[in-house]
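Okay, everyone, thanks for coming. Let me put the structure up, and then I'll talk through a few contacts and some strand pairing.

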Amino acid sequence: MNRFTRQILLPAFALATTMLISACGGGGGDNSPQQPTAQTITFTSPGNQSFGSAPVVLVATSTSGLVVSLASTTTSVCTLSGTTLTLAGVGTCTVSASQAGNATYAVATPVSNSFTVAAGAQTISFISPGNQTLGTAPAALMATATSGLAVTFESTTPSVCSVSGTALTLVGAGTCAIGASQAGSSTYAPAPAVSNSFTVSAAPLTAQTISFTSPGNQTLGVVPAPLAATSTSGLAVAFASTTSGVCTVSGTTLTLVAVGNCSVAASQAGNSTYAGATMVTQTFSVAAAPLTAQSITFVSPGNQTLGTAPASLVATASSGLTVSLVSTTTGVCTTSGTTLTLLTAGSCTISASQPGNSIFASAAPVSNTFTVAAAPLTAQTITFASPGNQTLGTAPPVLVATASSGLVVALASTTTPVCTVNGSTLTLVTDGICTVVASQAGNSTFAAATMVSNSFSVAFIELFANGGFETVGTTTPANAWLAAAGGYTLSTDSRSGAFAVQLASPASNAAIALQNSIDQGMRPPLAVGTSPVLTFWAKGTAGATGNVTFALRYLDGIGNILYSSPPNQNFANAINTSTWTKITFNGGVVPAGATAAFIEFSQAIGPIGTGPAGENWFAGRVLIDDLSLRVP
């Protein structure tokens, strides 16, 4: 043990010794009164219960042997009388066991037991009313539930029987099915449904017969007397023609239609007292009355020309009856009443007919045939003004195209990847050549117009003109990139064009980190509220401990920074040494007062020295090409 440890432990030992002596009371006696003995309660849970179950005797004891008091803290669910637990409702029952102690034993810590009282189960007893006979009054339905709750009855065969409360009503013969149900309550679960089925028999029916007097033979054109038939039941007799081509019946009215034999059947279907009667049929002849001849006069409408409205067709019958007009060349012309409609050029034939009636014989059909000539179509031309070249981000004008016919001109884009057209609305999608065609298909008066198209360019708003680094200089910041501290060089290892910008750090370095930069201080026109997108291509490496960053700023007219993108937009990890990688960055919304965009690229190198196994921590080379700042 070292000296430091001894200095810590020795005082602790002295303290322990002092406490031991104090606990012994310095050798004196203890005259304090004796403390009550502790006791504990053992309370056995009765487990989960179901409502309707018999009362349960609870068991709780204390180690003192003193009587334990039991009390329900959820009297709406359960109550206690001594140790007897009675279930009062559904829910969670909580019973607390306590022992107050006495002069010898201290108060015991109360113990609680909680258990679930679930809804009680119930069953239904349903006495079948037995088979029934129509016309007799069945007894009231009887069913009880073990819960004592009222049972509900329902007929599932309403065409045979119905139920109201416990009253059963017989409706028709067949099988009557009655369901008994009890939906439960707050303390009882729904009872399983019980059903009873029984037969409802029809009462014996009384026979009946029909007396049907024949109306006798008839003549067309003469109105026959009403039909007459009676049944021994006194129920109404129904009549029906079984030869509707010769005669028809409505109620007791007989209507003669044509020459021939007319058969009329008399029937009585019966009811709940009388059986259906045997059908009785009477057959009689219908003779023809002498018919008057008639003829048709049909005036030809003459030859027609498509596109003109023909006059109404005129055809009359000497009988005064209506003449029917029908086209037999529906591909050329059609009729509706006396209206003639021309469809196409050709030969149109219209037939006029009159079928006669009970007084007039059918007329001989008359036809008229005439020529439908095509109308010459009028030529039309389209005038379509070009909207001119467009720039993405600006609202293009509404397209304007008219036809000499006055008909609506249809506009469509044939270069939908670049632009789309909806009605006369032009939508610019991307840069390229947009071609829109205007067409008019013509109609029955005008021939189709010759299609007219317009092509125009759609360009981005390009805010940097020298993103390819093909022009360099130090005195024209509006057109060239400038060298900042550390300098940069142009490399022929370019993605496009002749040059790319190269940022490079040396293979060895002094005590400070180097930085190469390229700055561009152009002042292009900026639209306030737009969100230009910066894109460029890069490849190379930043070195083992370096990084490559860029920043985009918006300046006012005297060079004050109004907005700067978040610092250290590091793209070192996004590029590789052999393949060009595209970097895209949204520089944020152009603020009010901004007149210029400024972008800076830089490469920074970390600490001095070399890494493991002689690895150089300084060397870095990054190429940047094809830089663009566009308003999408």
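So, salt bridges: the structure holds 2 of them. By that I mean a side-chain nitrogen of Lys or Arg within 4 Å of a carboxyl oxygen of Asp or Glu. Quick caveat before the details: this is a predicted model, so local features need pLDDT of at least 70, side-chain atom pairs count only at pLDDT 80 or more, and totals for chains, interfaces and linings use all residues. Residues are numbered from 1 along each chain as its sequence is written, and side-chain values use heavy atoms, with hydrogens and water left out.

Helices and strands here are DSSP runs numbered from the N terminus: H or I with at least four residues for helices, E with at least two for strands.

Who else does aspartate 493 hold on to? That would be arginine 621, with the closest N and O atoms 3.8 Å apart. Arginine 621 belongs to strand 53, residues 620–631, so here the parts tied to the loop of aspartate 493 are 128 residues apart in sequence.

Lysine 539 is at 10%, so it counts as buried. Aspartate 493, at 30%, counts as partly exposed, and so does arginine 621, at 35%.

Now the strands. Two strands pair if DSSP finds at least two bridges between them. Strand 25 (residues 280–287) runs parallel to strand 19 (residues 218–219), joined by 2 bridges, and threonine 219 stands opposite alanine 287. Strand 25 also runs antiparallel to strand 24 (residues 260–267), with 7 bridges; there, valine 264 faces glutamine 282.

Last one: an open sheet of 4 strands, order 27-33-32-29, with mixed pairing. Strand 27 (304–305) and strand 29 (324–327) are the edges, each pairing on one side only.

Conventions:
Buried means under 20% relative accessible area, exposed over 50%, partly exposed in between (1.4 Å probe, protein chains only).
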